[in-house]
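Visitor: I have not looked at this one before. Please walk me through it.

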Amino acid sequence: MDNKRKNFTVPEEELEKQKEYSRLVSLVLSSRFPSSAPKAFVHTYGCQGNVSDGEKIKGILCSLGYELTDSVEDADLVLYNTCAIREHAQDRVFGNVGALKKYKTAKPDMIIALCGCMMQQEYVAERIKNSFRYVDLVFGTHVLHKLPEFLHRCLCSGKRVFDLSGGDGNIVEGLPLHRDGAFKAWIPIMYGCNNFCSYCVVPYVRGRERSRSFELIVEEARQLVAAGYKELTLLGQNVNSYNKDLEEKYRFPALLSAINDIEGDFIIRFMTSHPRDCTKELLETMARCKKVAKHLHLPVQSGNDRVLREMNRHYDREKYLGLIKYAYELMPELSITSDIIVGFPGETYEEFCDTLSLLKEVNYTSLFTFIFSPRPGTKAASMPDEVEKKEKSRWFSELTALQEEIASKRTAAMKGRSYRVLVEERNENSGLLSARTEGNVIIEFEGEDCLIGSFAKVEVTEPKTWVLKGRFIELG
């Protein structure tokens, strides 16, 4: 069976239709808010891909005439862009949606909208429909571009709108965009996932893999660099699969090389990189390209081969460690981070100890660690799971304690060394400037606000476990 798809962009006539709806919504809003612009509150939960979607949502709303606000109380439209990756994330959304009822009571014309991965799950949408009747608009991950149409129906009919159109989704180019940052930018290069890890809901809510045009991505990167952006992060559920769905020769290493060749002073990051498709060519490209950050996020999930098979990860411990060894040979200063799931169904303590030993071998800079959270509709959700939550919590504490020990040794070795960092913001709690190394380590130091958004050279003076203290040396 040929799985190649030559073209899956949204047809131009559909985009023209949404432009007409945008014009109509703008007219409705200007008549209802004659003296000032209506205000929209948008909050995004979850991963960087969701954050990127949130920027498109904000861009569409601004193009319709909304003004963005950080206050729910002031908002005429509240939109939550949701995440379905873990149960805790969903519970937070339900709690926050419940808290909106009082605002809707005080302001009946307020539009409450929910979108994103949670809403692509039918059982969630049904719960919203039946238990949160003051929610006006619910739509899934594949129809974000139809927001003008949905709002027009809400505004003009006063009826609730639910659209959970499924399928594998399409790619929409040219949507309005409201970037959250002035010097750091997200660039989605692909959407969806084909891996179907047994614990993960993403392929069901995001659809199958589909890649953006190579030329459009490179042009977007070029425009961002010309506009003064200093850090570009390429996004995909599995960036290593880029363009495998298209009949094109350019794969992910070629994309990295092309963006690296753009003139300017900037850093290239990417995530997430699946070990199944991580190649020596990718690692060699990282080593060769000076603008590609020497940081690799390579989620392993478990250090035990049987558990990896049950997770449907398509690699084993030996292959993973082989990639790590080769990466360190090419880039001795490489910073490696990962994701770990603790307490996968059927996992024994002895198998968990294989994950602990893996940590010691790899010497991770940091980890994103989670206790297994069953996701309805996935294979793992129906697997026997006999280990009690209290025991899993004990394993989790053991894992985090070991990683803290490893991280402390790594950061201790950084004392007295100087690093080129991108200064990101001022930490409101410490009052210090917060900057990030190429290896994704945070260093805080004293300095003026004019440094924010610039590269600087900073010496590490106090190597704490997670956030280091430093001394500003010079710009550059």
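Guide: One term before we start: a contact, or touch, means heavy atoms within 4.5 Å. This is a predicted model, in which local features need pLDDT of at least 70 and side-chain atom pairs count only at pLDDT 80 or more, while totals for chains, interfaces and linings use all residues. Residues are numbered from 1 along each chain as its sequence is written, and side-chain values use heavy atoms, with hydrogens and water left out.

Visitor: Fine. Which residues does Thr411 touch?

Guide: Leaving out residues up to four places away in sequence, Thr411 touches Pro463, Lys464, Thr465 and Leu468. The C-alpha atoms of Thr411 and Leu468 are 7.7 Å apart, although 57 residues separate them along the chain.

Visitor: And where does Thr411 lie?

Guide: In helix H14, which covers residues 389-412. Helices (H or I, at least four residues) and strands (E, at least two) are DSSP runs, numbered from the N terminus.

Visitor: Is Thr411 buried or exposed?

Guide: Thr411 counts as buried because its relative accessibility is 5%. Buried means under 20% relative accessible area, exposed over 50%, and partly exposed in between, with a 1.4 Å probe and protein chains only.

Visitor: What lies 3.3 Å from a polar atom of its side chain?

Guide: The backbone oxygen of Lys464 lies at that distance from the side chain of Thr411.

Visitor: New topic. Which strands make up the closed barrel?

Guide: There are five, in the order E15-E16-E17-E19-E18, with mixed pairing. From one strand to the next, the twist averages 55°. Such angles run from 0 to 180 degrees between N-to-C directions, with axes as lines fitted to C-alpha atoms. Two strands pair if DSSP finds at least two bridges between them.

Visitor: How many bridges join E15 to E18?

Guide: Five, between E15 (residues 418-426) and E18 (residues 455-462), and the two run antiparallel. Arg420 has Lys457 in E18 as its bridge partner, and Leu422 has Phe455.

Visitor: What about E18 and E19?

Guide: Six bridges join E18 to E19 (residues 467-475), again antiparallel.

Visitor: Now Gln301. Where is Gln301 found?

Guide: Gln301 sits in the loop between strand E12 (295-297) and helix H11 (305-311). With a relative accessible area of 7%, Gln301 is buried.

Visitor: What does Gln301 touch?

Guide: Beyond four places in sequence, its contacts include Tyr199, Met311, Arg313 and Asp339. The side chains of Gln301 and Tyr199 make a polar contact at 3.4 Å. That term means a pair of N or O atoms within 3.5 Å; within protein, one must be able to donate a hydrogen and the other to accept it, and residues adjacent in sequence count only if both atoms are side-chain atoms.

Visitor: Last one: how many helices and strands are in the whole chain?

Guide: The protein chain has 14 helices and 19 strands. Buried residues make up 53% of its 476 residues. Its C-alpha trace spans about 65 × 55 × 50 Å along the principal axes.
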